[in-house]
Amino acid sequence: RQRLTDAIGKLDTQSLEAFPLIRGARIEGAIAEARMPADISRRIGGVVRAGPRDIEAAFEAAREAQPAW
C-alpha cells in the first residue's frame, strides 16, 4: 500500500503525456487535460486527441498489418 501511496504522490510533481502512435509515429494534435479519476481536482497530465484523419490512418495501418497477425 505504501508503494501505491508513494506513486500517487509523485503525480503531483510530474506531468504525464499520452499520445496516439500510428505506424510507430507519434501523432501531434490538440491536448486534453488528464485528471485523476479518484480526485478530478488533480491534473496528472495531458492526452493528445486523435482526429478523424488519425483514426482513418490507424484503421488503414491495422488492415495492412492484419495478414501478419
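Isoleucine 27 counts as buried because its relative accessibility is 14%, where buried means under 20% relative accessible area, exposed means over 50% and partly exposed lies in between, computed with a 1.4 Å probe on protein chains only. This is a predicted model, in which local features need pLDDT of at least 70 and side-chain atom pairs count only at pLDDT 80 or more, while totals for chains, interfaces and linings use all residues. Residues are numbered from 1 along each chain as its sequence is written, and side-chain values use heavy atoms, with hydrogens and water left out.

Isoleucine 27 sits in the loop between β3 (25-26) and β4, with strands (E, at least two residues) and helices (H or I, at least four) taken as DSSP runs and numbered from the N terminus. Leaving aside residues up to four places away in sequence, isoleucine 27 touches Phe19, Pro20, Ile22, Val48 and Asp54, a contact being heavy atoms within 4.5 Å. Val48, one of these partners, is 21 residues from isoleucine 27 along the chain, and their C-alpha atoms are separated by 7.7 Å. Phe19, another of the partners, has arginine 26 over the face of its ring, at 3.9 Å from the ring centre; a charge is placed over a ring if NZ of Lys or CZ of Arg is within 6 Å of the ring centre and within 35 degrees of the ring normal.

We turn now to the strands. β1, β5 and β4 form, in that order, an open sheet of three strands with mixed pairing, where two strands pair if DSSP finds at least two bridges between them. The edge strands, each pairing on one side only, are β1 (16-18) and β4 (31-36), and neighbouring strands of this sheet are turned by 40° against each other on average, direction ignored; the axes behind such angles are lines fitted to C-alpha atoms, for helices over the stretch in contact, and angles run from 0 to 180 degrees between N-to-C directions.

Strand β5 (residues 39-48) runs parallel to β1 and is joined to it by three bridges, with glutamate 17 standing opposite glycine 46 of β5. By contrast, β4 and β5 run antiparallel and are joined by six bridges; there, alanine 32 has valine 47 in β5 as its bridge partner. The two strands β4 and β5 form a hairpin, with two residues between them.

Taken as a whole, the protein has two helices and five strands, which follow the pattern α-β-β-β-β-β-α along the sequence. Its radius of gyration, taken over C-alpha atoms, is 16 Å, well over the 11 Å that the globule rule (2.2 Å times the number of residues to the power 0.38) gives for 69 residues, so the protein is more spread out than a compact globule. The C-alpha trace spans about 45 × 25 × 20 Å along its principal axes, and buried residues make up 19% of the 69 residues.
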